[in-house]
Amino acid sequence: MINNFIKRAITGALFVAILVGCILYDAFSFGILFTAISSLTIYEFGQLVNMRAEGVKINKTINMLGGAYLFLAVMGFCIDAADSKIFIPYVLLLLYMMISELYLKKENPVLNWAYSMLSQLYIGLPFALLNVLAFHNDPEYSSVSYNPILPLSIFIFLWLNDTGAYCIGSLIGKHRLFERISPKKSWEGFIGGGVVAIGVSFILAHYFPFMSIIEWAGLALVVVIFGTWGDLTESLLKRQLHVKDSGTILPGHGGMLDRFDSSLMAIPAAVVYLYALTWF
């Protein structure tokens, strides 16, 4: 048990250090990191469904390349390095995924289509949308700047929400949040994690006043709610496939999906929230 705790602690510390370091260092390290993360997570998803979903056999490599290309294409578009034509190869790849099943004569082509498209929608798109948070147009100077604080804040809110939810839920959690899917989660833990995340948003508002306190608190709340749904969504997927962890790439922590499940819904929700702020 002690060895497992040490393993989890070391893996967790390295994971956080690499993620935070690459996001803060510069746009290039940010791009390299999340291209790799997107690819590995999609590959792990493909491995999981191929092994556990009956009759499913998707092309993990093609799906992985699709996620990587989508991330880089959105990044290129956001930094004004390319126009919308950069998405044409990705569209062709999606068409290939559909058409190839006509000729491969696999056991269940419809499920192969479904899981392949799910890998792009569920994993590839959310990671690609991190670019929308990271890069901002400056109309005054007609330039694009890299702001690591917004993408980093999503992960800070998620980590603190998880920590707060675990601590509060372990101490006073009595009312189950979603017992059918995740028996250990409680309403007390959910509220406690939300309070911690919103509390930290006030600190971020003080040091990074490009958004108001209310806007920062709203972002934290959105991330907490949708991050919880993201966690529950992956729990539902694992229950459906009868697995405890999505993979073993992170010793003591499971797989890439286990580490980024919350962010897969929190990131798109954060993008919508921040765009919504500009409408009012």
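Which residues of α3 are buried? They are Lys60, Asn63, Gly66, Gly67, Ala68, Leu70, Phe71, Ala73, Val74, Met75, Gly76 and Cys78, where buried means under 20% relative accessible area, exposed over 50%, and partly exposed in between, with a 1.4 Å probe and protein chains only. Before going on, note that this is a predicted model, in which local features need pLDDT of at least 70, side-chain atom pairs count only at pLDDT 80 or more, and totals for chains, interfaces and linings use all residues. Residues are numbered from 1 along each chain as its sequence is written, and side-chain values use heavy atoms, with hydrogens and water left out.

Let us stay with α3 for a moment. The buried residues of α3 pack against α2 (27-52), α4 (88-104), α5, β1 and β2 (143-146). Helices (H or I, at least four residues) and strands (E, at least two) are DSSP runs, numbered from the N terminus. The 19 residues of α3 should span 27 Å at 1.5 Å a residue, and the end C-alpha atoms of α3 are 27 Å apart, which agrees; the expected span is 1.5 Å times one less than the number of residues.

Now step back to the whole chain. The protein is divided into domain 1 (1-146) and domain 2 (148-279), with bounds that come from an automatic or database domain assignment. The C-alpha centres of the two domains lie 20 Å apart. Across the boundary, 34 residues of domain 1 are in contact with 33 residues of domain 2, contact meaning heavy atoms within 4.5 Å.

Both domains also meet at the second largest pocket, whose lining draws at least three residues from each of them. A pocket is found on a 1 Å grid over the protein atoms alone, as an open set of points where a 1.4 Å probe fits, with protein on both sides within 12 Å along at least five of seven lines; lining residues have an atom within 4 Å of a point. About 480 Å³ of space lies in this pocket, a volume being the space filled by probe spheres set on the points, which are joined across faces, edges and corners. Of its 18 lining residues, Val132, Phe135, His136, Leu274 and Tyr275 lie nearest the centre. α3 (60-78), α5 (109-134), β1 (135-138) and α10 (263-277) each supply at least two lining residues, and α10 gives the most, with 4. By class, the lining has 12 nonpolar, 4 polar and 2 charged residues; Ala, Val, Leu, Ile, Met, Phe, Trp, Tyr, Cys and Pro count as nonpolar, Asp, Glu, Lys and Arg as charged, and the others, Gly among them, as polar.

Ile149 is buried, with a relative accessible area of 13%, and touches Phe208, Phe210 and Trp216, not counting residues up to four places away in sequence. Leaving aside neighbours within four places in sequence, Ser153 is in contact with Leu204, Trp216 and Leu219.

Finally, two loops deserve a glance. Most residues other than glycine have a negative phi. Lys105, however, has a positive phi near 55°; Lys105 sits in the loop between α4 and α5 and is exposed, at 78% relative accessibility. His242 has a positive phi of about 60°, lies in the loop between α8 and α9 (256-260), and counts as exposed at 63%.
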